[in-house]
Each structure stands twice: as C-alpha cells, then as structure tokens.
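The stops below are given in the order in which to select them.

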Amino acid sequence: MRASIYRNFLKILYPATTTKTSNSRIRNIMSESDQSIGFDTPRLVTKKILAKLQHEGDGAVVRRGIGRSEQKFLDPFLMLDDFSVSPPAGFPDHPHRGFETVTYMMQGGITHQDFAGHKGTIHTGDVQWMTAGRGIIHSEMPAGEGAQTGLQLWINLSSKDKMIEPKYQELLSDDIKRAEKDGAEVRIIAGESMGVQSPVYTRTPTMYLDFTLKPRAQVHQNIPESWNGFVYIIEGEGVFGKTNSSPSTAHHVLVLGPGDGLSAWNRSSKPLRFVLIAGQPINEPVVQYGPFVMNTEAEIDQTIEDYNYSKNGFEMARFWRSQ
C-alpha cells in the first residue's frame, strides 16, 4: 500500500493532529473556612471541557476529553478517552508508535493481544501501562457481555525514547496501592499520594491518582510546579481549585493552571470520583498521525513506510492477525 493511500485510510480511523510545541502531601481539612491549605500557589481551573460522545474503533463509543478540537494536546498528554464497548464491537488490530497507552478498567474486562505473542485480560480496577515504543500492533476487545468501560490515556515519549523496545506493566486491582483519610480515598496508579508511592515506572514522569470523596469531604494534593495537569470527573459533582468556584459535574475535563497543588471539595450529598493526572512536559515538537506520534513529518513518513513494509519494529506484522 502506498504511503499516500495509507494516510487517507488513517484519516478515516484517527483524527490527524499536529502541534509544535517533592513528593506529594495531602491534607484533609474538614473546616471549609481554612483556605490557606499549605500551597504557595494553588492550582485553579483554566479550562473546562465536556467530553462528548464519538465513535471509535469498530462500533465502540468514547467520550474524548483530551485530543479533540477544544484541547488537542496537553504536554505530555495526547489523548484521554472514557470508553464503552459491548460485543461484537471493539478495537481490532491497529498499530502504535512513539508513545504509551494506559488502560484503566472501570467495569468489565478488555482482552489484549499483540503481534509479539502477548495476551491477557484486565478486569475492573486493573491497569495496563503499555509502552508502544518503536512499534506494536495489537487488538483490544471486550471480555464479557454488556458494556465494558474504562479510561485510556495516551502519554507522549521523548525523542530519545520513541524507538525503544515495547514494554508492559500490569497492575491487578488488589495490587494498586490505596490510602484514605477523613472521607477521602485515593488509588495510586502512578506517583505518590498521602505518603504512599505507586510501583509503576513512568518513563515520562507522571502522576495518575483516582480519588473518591464522600459527601462533605475534601482533599489537597501537591503537584510538581513544572508539571501540566488536569482532572477528569468520573461521577458526582465537585468544586476544584478554590472554595468559591462553580461546581463541575461528570464527564468534564478540568485543565489546571500553574501552581504547587490542587484542592477539591465534595459539597454534594453523593460521592465524587475523579482522576487527577499530571506529568512533566517534554517540550519537543509533536507530529501526530493517528496512532503514530513522532517529532517530524519525515519521521511520520518513515513510520508509515516501516508499517507498510513490516520493518524497523513492525517485522512481525506481515503474518500476524489477532484470534
């Protein structure tokens, strides 16, 4: 297949995007009159984006919060999808190069297969952290009846890491570290919270925290000042950044401004669940062509050629099909 033909094929499957571009400390303070919180510069919400439904893969539905026109890129994050997939829909065989995918199951299961012979299923609460590096072709298909739901985050890799060998880190739900204080509970997928550290190695330094706040609870999480960060609300309603902010509801992405920490309050009568994701900016040019993310157009052209001719990382693609 010629590169120009394959480009048109990818445009249908994936939107093309080109963009040039202390450890944590938690306090749970039950008095909402205390606004000092201990942050020198509290992070405020600078942009609020509703993740809208769209179709992806083969019949799957996602709510895309990062990677759409309102927020194409938040260095080092390329995409965040809140997905729902029911058989026979799914994400059949497709390639990646130049970044990492983090799949976090909310409900049900997803079975993964790749052309290197790796196969497995992650279930509710499990995480797969996949470094695509120089090249992976894989499938992600629902592992049960009914809707299988979760979050998938794409994290960019620096130029020095884009062509490394693919790697996987998988955490079962029971192995994900947790902490709790004064009605605020956190699952620590990456980074540190409430003095508890995740074992996940983040090649691009990243924080990925899943908070659940009971009614009237609050939490205050430190974030390295040089990092970019955002919140995605899974369920409930919360106040973020400062006590007099307007509440935000489920399926909104909240892009955070500069500062050394984020505060969140649950003033509703129902639980609030959200993920806080932050990472160290790479500060390199980004050229994304669907599932390929490199630094230059020439590297994208080379990637398409490598994929088409099964070379430079895609050697096993020629004869492989998922089962």
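Select serine 139 first: at 2% relative accessibility, serine 139 counts as buried, because buried means under 20% relative accessible area, exposed over 50% and partly exposed in between, with a 1.4 Å probe and protein chains only. The model is predicted, so local features need pLDDT of at least 70 and side-chain atom pairs count only at pLDDT 80 or more, while totals for chains, interfaces and linings use all residues. Residues are numbered from 1 along each chain as its sequence is written, and side-chain values use heavy atoms, with hydrogens and water left out.

Now show what surrounds serine 139. Not counting residues up to four places away in sequence, serine 139 touches Phe91, Pro92, Asp93, Thr111, His112, Gln113, Trp320 and Ser322 (contact means heavy atoms within 4.5 Å). Serine 139 lies in strand 12; strands (E, at least two residues) are DSSP runs, numbered from the N terminus.

Next, select residues 136-142, which are strand 12, together with strand 7. These two strands pair in the antiparallel sense over four bridges, where pairing requires that DSSP finds at least two bridges between two strands. One place to look is proline 95, whose bridge partner in strand 12 is isoleucine 137.

Four strands form an open, antiparallel sheet in the order 7-12-9-10. Strand 7 (91-96) and strand 10 (119-123) are at the edges with a single partner strand each, so one side of each has no neighbour in the sheet. From one strand to the next the twist averages 25° (axes are lines fitted to C-alpha atoms, and angles run from 0 to 180 degrees between N-to-C directions).

Go back to strand 7 and pick histidine 94, which is placed there. Histidine 94 is buried at 10% relative accessibility. Histidine 96 also lies in strand 7 and is buried, with a relative accessible area of 1%. A polar contact of 3.3 Å joins the side chains of histidine 96 and histidine 94; a polar contact is a pair of N or O atoms within 3.5 Å, one able to donate a hydrogen and the other to accept it within protein, and residues adjacent in sequence count only if both atoms are side-chain atoms. Among the residues that histidine 96 touches are His138, Trp154 and Phe314.

Finally, select His94, His96, His138 and Glu140, which UniProt lists under "binding site" in an unreviewed entry. They are spread over 47 residues of sequence but cluster in space, with a largest C-alpha distance of 12.7 Å.

Conventions:
UniProt positions are given in the numbering used here, feature names are shortened, and annotations may be inferred rather than shown by experiment.
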